[in-house]
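Dear colleague,

Please find the structure below, handed over for your own work.

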Amino acid sequence: EDSSSTMPATVTATAGETKTTKNEKMFRLFLLFMMTAQNSTVVLVSRYTRAGVSNEDSYVINDLIMVQEFGKLILAAALEYNATNGQLVRSMKENIFDRPKDFFRILIPSLLYLVQNSLLYVAISNLTAPMFQVTYQCKLLTTAVVSVIMLQRKYSLKQWLCLTALGIGVAIVVLGAQSDSKKDASDSNEEGEDANVQNLFVGLMAVTIACLCSAFAGVYFEFVLKRPTNDGGEARAPVSMWMRNVQMAFFSICIAYINMVRDSDRGVTGLVDENNDPVIKPFMHGFTGWVYVVVMLQAGGGLLVAAVIKYADNVLKGMATGVSVVTATFFSMFLFGTSLSIQFAIGAGVILVSVYLFSNDIPAMCKGKVKQDEHVEMSPMLPK
């Protein structure tokens, strides 16, 4: 009788757990879809806003970064307001005005992220969408090296092999693209100077420096987030992710504004004033509807990554990275007429497999105290 009476309760509990597990899987799949869509769309739309646009009609990258950081500031502040039950002003006082030293620590990753974002738009302007997506995976390699130096992190032999294969894959892609870029350069000279001409060397240099900035900023930000906070020896609750986003966005806006004031070469619009002098590009010149789409995607991207970090794991993020590269490459063939060589396909395949195996299927790290090191390659994915 006792066993029969407990059976319904057991069945109900099991059914509840199954339903919860199913809901979690569906939510993880939703996050995978959203992150893949965001990663792919940002590259494709950003490339669209720069490809074939004359220098006179193109927007100033610093203006775009300032607007998107302002959007991030508003979104992060709204989420902090919601998380603190309307105590946003109190949270700002406690985490900014009462702790200025901790607040100014965020200046370092803010500056690095600003440089990274600026260079990414330079890279997108000079590389095809597939080329940019593939070469930008080098941030995994740079982050691993920086993590070893700054955080004394250790990697397994399999992970170092994956990093080596990643470098080889990038080399295959770059070497294959050099011959194509020479043909494109000769063709572009015949088309005239109205459109922006791609420069492989400039694009690759921009991606390389952006990967380094991403690595240093991500690892430093991780160090700040995990560092125990205290005031006068008394432990404090850690600063929330949203407040850190508010702080970083604030510094990014300040730095972008200083760059705008100091920038004496914003470019000209192609028009002349009453004195027959060329008109300098005003703030937000060249902002079309698609540029505002980029702003919204970038502003919401950091918050989406925060959700992935909170509710998912590196398996999801690794899958999203690989799927987004394939997705952007596929649509780039139709939107921009990008031709893909066998060499590119081989190199891209090596890179994607390396990225996936680096962050997944790591039995040596899944035993004992591995949970702490699960996110080794994901420092740059931390939201800003």
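Accessible areas come from the Shrake-Rupley method with a 1.4 Å probe, and for residues only the protein chains shown count as cover. On that basis, the chain exposes about 20200 Å², and 64% of this area is supplied by carbon and sulfur atoms.

Please note that this is a predicted model, in which local features need pLDDT of at least 70, side-chain atom pairs count only at pLDDT 80 or more, and totals for chains, interfaces and linings use all residues. Residues are numbered from 1 along each chain as its sequence is written, and side-chain values use heavy atoms, with hydrogens and water left out.

The chain holds 13 helices and 4 strands; these are DSSP runs numbered from the N terminus (helices: H or I, at least four residues; strands: E, at least two). Of its 384 residues, 45% count as buried, that is, under 20% relative accessible area, with exposed meaning over 50% and partly exposed in between (1.4 Å probe, protein chains only). Where contacts (heavy atoms within 4.5 Å) join residues at least 6 apart in sequence, 84% of them link residues at least 24 apart.

Asn 85, although not a glycine, has a positive phi of about 55°. Asn 85 sits in the loop between α2 (61-83) and α3 (88-97) and is exposed, with a relative accessible area of 69%. Met 284 is likewise not a glycine, yet its phi is positive at about 65°. The loop between β4 (278-280) and α11 (289-311) contains Met 284, which is partly exposed at a relative accessible area of 27%.

Kind regards
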